Amino acid sequence: MNPYILSTITMALGLGTTITFASSHWLLAWMGLEINTLAILPLMAQHHHPRAVEAATKYFLTQAAAAATLLFASTTNAWLTGQWEISQMSHPISLTMAVMALALKIGLAPVHSWLPEVLQGLDLTTGLVMSTWQKLAPFALLLQLNTPATSTTLLAMGILSTLVGGWGGLNQTQLRKILAYSSIAHLGWMTLALQFLPSLTLLTLLTYLVMTFSMFLIFKINKATTVNQLSLSWAKTPPLAAAAPLVLLSLGGLPPLTGFMPKWLIMHELTKQDLPALATIAALSALLSLYFYLRLSYAMALTVPPNNIAGTPAWRFPSLQLTLPLALSTTATLALLPLAPGVFALLAP
């Protein structure tokens, strides 16, 4: 892609998210979401592959439906209450419609089915943008709609997302679909904490962004899109093949890795709020997710490609990709759990 076009699209992505962050009026927030959607579509369809064009079309239709529902909900609220401010959305029908529209935008269950299909049609770089940056603006609006009237809806969507994210990834062989179901499961954990401790939701979102960034970059350096291709990792990048299983286990939430911290704090908060059943179901769903992370770890670290000794080169081409971002994000993914007591003290009311 032309560098000038790419820089324009990148600035439009940043502008759309910033407008939504800074807005207190529904119309301005809606405009920011639309700028965000229109900016990423050229990135999605840039390779002119039928799968990429199909993914861009599906994404456009889904986001257009969510944006139309959001605009209808805000207009209905303004008609019934005379208020356009985001914090003043009080009518229960408008509130429920807005929450469902934002859930559709980020891919929460039960309106999640577009996310694995769209992510499967994208290259890993665009998939990384869609799995991280595109979640920020709708989540900022969802944080502002956090009221007692939406409590039951958000808790139901959160626990359903953790279950769907765990079950959906079990039988997948495509890495991008596995990452999509991983995204759904992590969004469910964030939504569970949203009602009780919004700062904990932001912490979970931040750790998810760091871990997902590492995982996408690892797959991109290995040029892997299926589970079978991961078995070639030892021949390409042995240090990365050794570190990648730890990143996967951090995504699964195993101690002593960083991914354990948000899950631990969320389960603590749920039990403190007298919701032990939700905490138990969420923990069991994390075991489902852990299973397919272990599958990827096995494919990457415990299998070897079917080559004989003579067919295995004693040298490798040096990687031309930037490795400093991957090194920083991998370090953060693996080593931040000792900060948990300090984080817990900051989050405590």
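A salt bridge here is a side-chain nitrogen of Lys or Arg within 4 Å of a carboxyl oxygen of Asp or Glu. By that rule the count for this predicted model comes to four salt bridges. Since the model is predicted, local features need pLDDT of at least 70 and side-chain atom pairs count only at pLDDT 80 or more, while totals for chains, interfaces and linings use all residues. Residues are numbered from 1 along each chain as its sequence is written, and side-chain values use heavy atoms, with hydrogens and water left out.

Much of the charge pairing involves E117. E54, K58, E117 and K177 are linked in a network of salt bridges. Helices, for the record, are DSSP runs of H or I with at least four residues, numbered from the N terminus. E117 also meets K177, this time at 3.3 Å from N to O, and here too distant parts of the chain are linked, with K177 in helix α9 and E117 in helix α5, 60 residues apart.

How open are these side chains to the outside? Burial is judged by relative accessible area: under 20% is buried, over 50% is exposed, and anything in between is partly exposed (1.4 Å probe, protein chains only). E117 is partly exposed at 32%, K58 is partly exposed at 30%, and K177 is buried at 18%. E269 is buried at 7%, whereas K272 is partly exposed at 48%.

Next comes the domain layout. The domain assignment, whose bounds come from an automatic or database source, gives domain 1 (1-122) and domain 2 (146-348). Their C-alpha centres lie 25 Å apart. Sixteen residues of domain 1 and 21 residues of domain 2 take part in the contact, where contact means heavy atoms within 4.5 Å. About 1600 Å² is buried between the domains, with carbon and sulfur atoms giving 75%; buried area is the accessible area (1.4 Å probe) that two parts lose on being put together, summed over both.

One salt bridge is counted between domain 1 and domain 2, and E117 and K177 form a salt bridge with their closest N and O atoms 3.3 Å apart. On the side of domain 1 that touches domain 2, the elements giving two or more residues are α4 (92-106) and α5 (114-120). The residues on that side divide into twelve nonpolar, three polar and one charged. In this scheme Ala, Val, Leu, Ile, Met, Phe, Trp, Tyr, Cys and Pro are nonpolar, Asp, Glu, Lys and Arg are charged, and the others, Gly among them, are polar.

Helix α6 is worth a look as well. Six of its eight residues are buried, so α6 is largely enclosed by the rest of the structure. The buried ones are L124, T126, G127, L128, M130 and S131, and they pack against α2 (26-44), α3 (50-81), α5, α7 (133-144), α9 (175-194) and α10 (198-222). S131 belongs to α6 (residues 124-131) and is buried at 3% relative accessibility. Leaving aside neighbours within four places in sequence, S131 is in contact with L119, Y208, T212 and F216.

Most residues other than glycine have a negative phi, and most peptide bonds are trans. A cis peptide bond joins A109 and P110, with omega about 5°, and P110 is in the loop between α4 and α5. Another cis bond, between P255 and P256, also has omega of about 5°; P256 is in the loop between α12 (238-252) and α13 (260-272). H48, in the loop between α2 and α3, has a positive phi near 60° and is exposed at 68%. D274 has a positive phi near 65°, lies in the loop between α13 and α14 (276-301), and is exposed at 66%.
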